[in-house]
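Subject: Structure for your review

Dear colleague,

Please find below the structure that I am handing over to you.

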Amino acid sequence: MNNIRNSITGAAILLASAVATQAKEFRLGLITPPPHIWTKAAEAFGADLAEASDGAHSVTVFPARQLGNEAEMLQQLQTGALDMAFMTVAEVSNRAPDFGALYAPYLAKDIAHAGRILRSETAKGMLAQLPAKTGVVGTGYGMAGLRQIVTRGEVNSVDDLSGLKLRITPFEPILDFYNAIGAAPTPMPLPAVYDALANGQVDAIDMDAELIWVLKYYEHADTVVQSNHMMFPMVGLVSARVWAGLSEEDRALIGDLMAQHVDSTIDTYVEKEQIWLDQIKDTGRTYKIVDASFFSDAISSWNEIWSQRSTMLADLRDAAAATAQE
């Protein structure tokens, strides 16, 4: 009888040890500041994962580039030094060029349409490329708002952007767009943008309405151009090395919860985008609303370049057409 008890006790200890081994505190990195919608979604994901796993798993969120810029965080994901990230598709497109097609100028007619494109089976299917090409697993898409332009000077035509030092997120699709315009695209991290615009280090910025309003970039602007020229997707990522070490149950739990929370950012931006734009307009800065015709030949130049670089551009245009009227 004692031998039986000892065997049962030993098995219980082994089981408890196995559960403890599987339990994990994950680290999740972002470039966005703590008040940002992406950061709040990451924190909500962590809270829900802890609850759904009965405390077995937790997530510590590191916002505001605490773990490095996106290129550095992607390298950490590839090695398994970082577990998770909410990352711009911009950085992913530097390693997997097909994703650059998501930045096609005026692919989306408005913010709600952008969300429908990202929720399409075409866009979701692209995530299957990520483990082989970038060493990460993509769980789903989120987004920020559509891109706008803020300048220190007067803008009456696209020619007024020519030669301007214009802050961008550093990735090929947006570089190609502003090079086609004749601007001088200038990569710069978010924390440096306010002062750079204030002191004239840059003449203009490419930015979404949320940050133009919340971080008060309009304070050093003469003109705000509401162009809505590109959408700005985000993707929830898990290190492929970390993913390989998870049980099937944990993969399903983590994948589903992360997908839900990155997807929730789409609804938030659809709801708030126009509110931010109206607030910016009410600041009294010169406010211009333009469409694709404003950019003249730059869009066709971009399309020519990216029809060669991405195999997905035509498919995404089909997805955009199919979701345009929903």
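How many bridges join β4 to strand β10, and in which sense do the two strands run? There are eight bridges between β4 and β10 (residues 232-239), and the strands run antiparallel. Within this pairing, M143 stands opposite P233 in β10.

Please keep in mind that the model is predicted. The mean pLDDT of the protein chain is 93, and 93% of its residues reach 70 or more. Residues 1-21 call for caution: pLDDT stays under 50 over this stretch, and the model has zero contacts beyond four places in sequence for these residues.

The five-stranded sheet

Strands β4 and β10 belong to an open sheet of five strands, ordered β2-β1-β3-β10-β4, in which the pairing is mixed. Its edge strands are β2 (57-62) and β4 (136-144), each of which pairs on one side only. On average, neighbouring strands of this sheet are turned by 20° against each other, direction ignored. As background, strands of a sheet pair through backbone hydrogen bonds, and they may do so in a parallel or an antiparallel manner.

Strand β3 (84-88) shows both kinds of pairing. With β1 it runs parallel, joined by two bridges, and the bridge partner of G29 in β3 is A85. With β10, strand β3 pairs in the antiparallel sense over five bridges, and here A85 has L237 as its bridge partner in β10.

Are the residues of β3 buried or exposed? Five of the five residues in β3 are buried, so the strand is mostly covered. M84, F86 and T88 point one way from the strand, while A85 and M87 point the other way.

Helix α2 lies across β1, β2, β3, β4 and β10, and runs at about 165° to β2. Helix α5 (residues 111-118) also packs on the sheet, where it touches β4 and β10; its direction makes about 170° with that of β4.

The six-stranded sheet

A further open sheet has six strands in the order β7-β6-β8-β5-β9-β11, again with mixed pairing. Why is one side of β7 and of β11 left without a neighbour in the sheet? Strands β7 (184-187) and β11 (286-289) stand at the edges and each has a single partner strand, so one side of each has no neighbour there. From one strand to the next, the twist averages 25°.

Inside this sheet, strand β5 (residues 147-151) and β9 pair in the antiparallel sense over three bridges. I149 stands opposite V225 in β9. Helix α9 (residues 190-199) lies across β5, β6 (165-168) and β8 (204-208), running at about 135° to β8. Helix α12 packs on the sheet as well and touches β5, β9 and β11; the direction of α12 makes about 140° with that of β11.

The nonpolar core

The largest nonpolar core has 109 residues, of which F99, L102 and Y141 touch the most other members. Helix α12 (residues 248-281) gives the most to this core, with nine residues.

Individual residues in loops

T32 is placed in the loop between β1 (24-29) and α2 (37-52). Why does T32 count as buried? Its relative accessible area is 3%, and because buried means under 20%, T32 falls in that class. The side chains of T32 and T39 are joined by a polar contact of 2.8 Å. Not counting residues up to four places away in sequence, T32 touches W38, T39, P63 and A64.

A64, one of those contacts of T32, is found in the loop between β2 and α3 (70-79). A64 has a positive phi of about 55° although it is not a glycine. With a relative accessible area of 38%, A64 is partly exposed.

K216 lies in the loop between α10 (209-214) and β9 (223-226). Phi of K216 is near 60°, which is a positive value in a residue other than glycine. K216 counts as partly exposed, at 41% relative accessibility.

Yours sincerely,

A colleague

Conventions: Residues numbered from 1 in each chain as written. Predicted model: local features only at pLDDT ≥ 70, side-chain atom pairs only at ≥ 80, totals over all residues. Heavy atoms only, no water. Helix = DSSP H or I, 4+ residues; strand = E, 2+ residues; numbered from the N terminus. Buried < 20%, exposed > 50% of the residue type's maximum accessible area, 1.4 Å probe, protein only. Polar contact = N/O pair within 3.5 Å; in protein donor to acceptor, adjacent residues only side chain to side chain. Contact = heavy atoms within 4.5 Å. Pairing = 2+ DSSP bridges. Axes fitted to C-alpha atoms, helices over the stretch in contact; angles between N-to-C directions. Core = buried A, V, L, I, M, F, W, Y, C linked by side-chain atoms within 4.5 Å. pLDDT = per-residue confidence, 0-100.
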